[in-house]
Amino acid sequence: MERYYQEDIECASRDKIKAIQDEKLLRQVKHVWDNVPYYRKKMEEKGLTPEDIKSSDDLHKLPFLSKADLREAYPYGLLGVPLKDCVRIQSTSGTTGKRVVAFYTQDDLDIWEECCARAIMAAGGTNEDVCQVSYGYGLFTGGPGLNGGSHKVGCLTIPTSSGNTDRQIMFIMDLSATILCCTPSYAAFIGERMKELGYGPDDIPLKAGIFGAEAWSEEMRRDIEKTLGIKAYDIYGLTELSGPGVSFECSAQGGMHINEDHFIAEIIDPDTGEVLPEGTQGELVFTSIDKKAFPLLRYRTRDICTLTREKCSCGRTHVRMTKPKGRSDDMLIIRGVNVFPSQIETVLLNNGYAANYQIIVDRKNNTDTLDVQVEMTPEMFTDNLGEVEARQKELVDGLKSMLGIKAKVSLVAPKSITRSEGKAVRVIDKRKI
Ligand code: DLL
């Protein structure tokens, strides 16, 4: 049986959703015009006033915001309310430049937590469940977001945060956790450790996992589902828009429903900025129509995916996005060819490896090099050189047919690649260092 947190809105007719978006967008444009001089100036530069936006059909007229704007306006330049009305900040890790600092009013937090509650119920959660939140707590949005959602559903919440894997497993087993929330790479690590400790899928009380914050392949999903004996649901979001729960998967596992009563999604051509028709792959752009403290209009996420409004078997009517392949800024250009780490992951997992790998890109004699280091599983591990070489060749061929370019593959011993407790670091691009 499909469960909903807010059925009336999650399953509303398309007409009703459009009417909500129209009304909220007009209100939000006025709010930003009146309270965010940074964005008002951008509108003025385009010769726009709030009166030019009559419905969501006019959204495309508004200027974009990008990460560069967030940096320029840091820390208070995009704030939509007086600081005294804000009750929280969250922030990104800031690996690529200045941190993003996002602000929240109490209403903004409530809406965010409701979005996470929708995701938990879509994964089958009820107030009978025990939900272990193993995303990091603190400035990262994963822990606080799912924690709030879990409370709203009424689950018994175990706020372990990330790390200390044996303690994670102790709580799962001793308190019979039924839902696990963490990054997919950490879920794989927990699964690996549970296997080592002798727990099979039938011994583990978990029934569902809510995994996101990084790109992961379908193959990795199947691996985690098998090891932990669960159904694994994807969840997406970004700090700039609130955090996890901008979109989430339902029982159909066929794309993530975007909470369209709070966010309007568009797909654009990343080069020209032109809005693309439904079903076309491009860069995802979001307009938050409810957030008051940090109200971003037409924010360019850099995430590449497609949207579909085809009917979903779960009964939800909100538009679905495909798993992002990764950010356009994660995309590697190697000898002129576009390569996403997730494509490499697919080849590895299809050949029986686990998602323990690292991609090293360098430039030697003016030519890009691609070196993929992959851990052998304990079952494959051997010192028979011929066997190792044959396996390496198999992967080189698989990668060649997936990517169209030749990679060097090095098989390494089990456990030699560092495990991740949060977002995994898959790529080392020495060309940029
Ligand atoms: O990662 C929020 C989050 C926490 C989402 C927990 C899901 C679960 P940021 O640290 O700001 O926020 O990173 C946002 O991570 O633009 C995507 O590139 C990537 N991302 C997030 N979820 C997914 C996903 C959180 N399910 C950036 N699949 C986004 C692929 C994802 N990429």
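## Ligand contacts

A polar contact is taken here as a pair of N or O atoms within 3.5 Å. In this predicted model, a backbone N or O atom of Glu214 lies 3.2 Å from a nitrogen atom of the ligand, so the pair falls under that definition. Side chains supply further pairs. An N or O atom in the side chain of Asp234 is 2.8 Å from a ligand nitrogen atom, and an N or O atom in the side chain of Lys423 is 2.8 Å from an oxygen atom of the ligand. On its own the ligand has 600 Å² of accessible area, and the protein covers 95% of it.

## The shell around the ligand

The ligand is surrounded by 21 residues, the closest being Asp234, Ile235, Thr239, Asp303 and Arg327. By class, this shell is made up of nine nonpolar, six polar and six charged residues. Strand S7, which spans residues 231-238, gives the largest share of the shell, with five residues.

## Domain arrangement

The protein chain is divided into two parts: domain 1 comprises 7-17 + 68-329, and domain 2 comprises 334-429. Their centres, taken over C-alpha atoms, are separated by 28 Å.

At the interface, 22 residues of domain 1 are in contact with 18 residues of domain 2. About 1600 Å² of area is buried between domain 1 and domain 2, and carbon and sulfur atoms give 53% of this area.

## Backbone geometry

Most residues other than glycine have a negative phi, and most peptide bonds are trans. Two sites in the model depart from these patterns. The peptide bond joining Tyr74 and Pro75 is cis, with omega at about -5°. Pro75 is located in the loop between helix H4 (67-73) and strand S1 (88-91).

Ser242 belongs to the loop between S7 and strand S8 (243-249).

## Surroundings of Gln358

Gln358 is part of strand S17, residues 357-364. Leaving aside residues up to four places away in sequence, Gln358 touches Asp371, Val372, Gln373, Ile417, Val425, Arg426 and Ile428. With Val425 there is also a polar pair: a polar atom of the Gln358 side chain lies 3.4 Å from the backbone oxygen of Val425.

Ala19 lies elsewhere in the model. The C-alpha atoms of Gln358 and Ala19 are 47 Å apart, and the two residues are separated by 339 residues along the chain.

Definitions and conventions
Residues numbered from 1 in each chain as written. Predicted model: local features only at pLDDT ≥ 70, side-chain atom pairs only at ≥ 80, totals over all residues. Heavy atoms only, no water. Near = heavy atom within 4 Å. Polar contact = N/O pair within 3.5 Å; in protein donor to acceptor, adjacent residues only side chain to side chain. Areas by Shrake-Rupley, 256 points an atom, 1.4 Å probe, with all protein chains shown as cover. Helix = DSSP H or I, 4+ residues; strand = E, 2+ residues; numbered from the N terminus. Nonpolar A, V, L, I, M, F, W, Y, C, P; charged D, E, K, R; others polar. Domains from an automatic or database assignment. Contact = heavy atoms within 4.5 Å. Buried area = accessible area lost by both parts, 1.4 Å probe.
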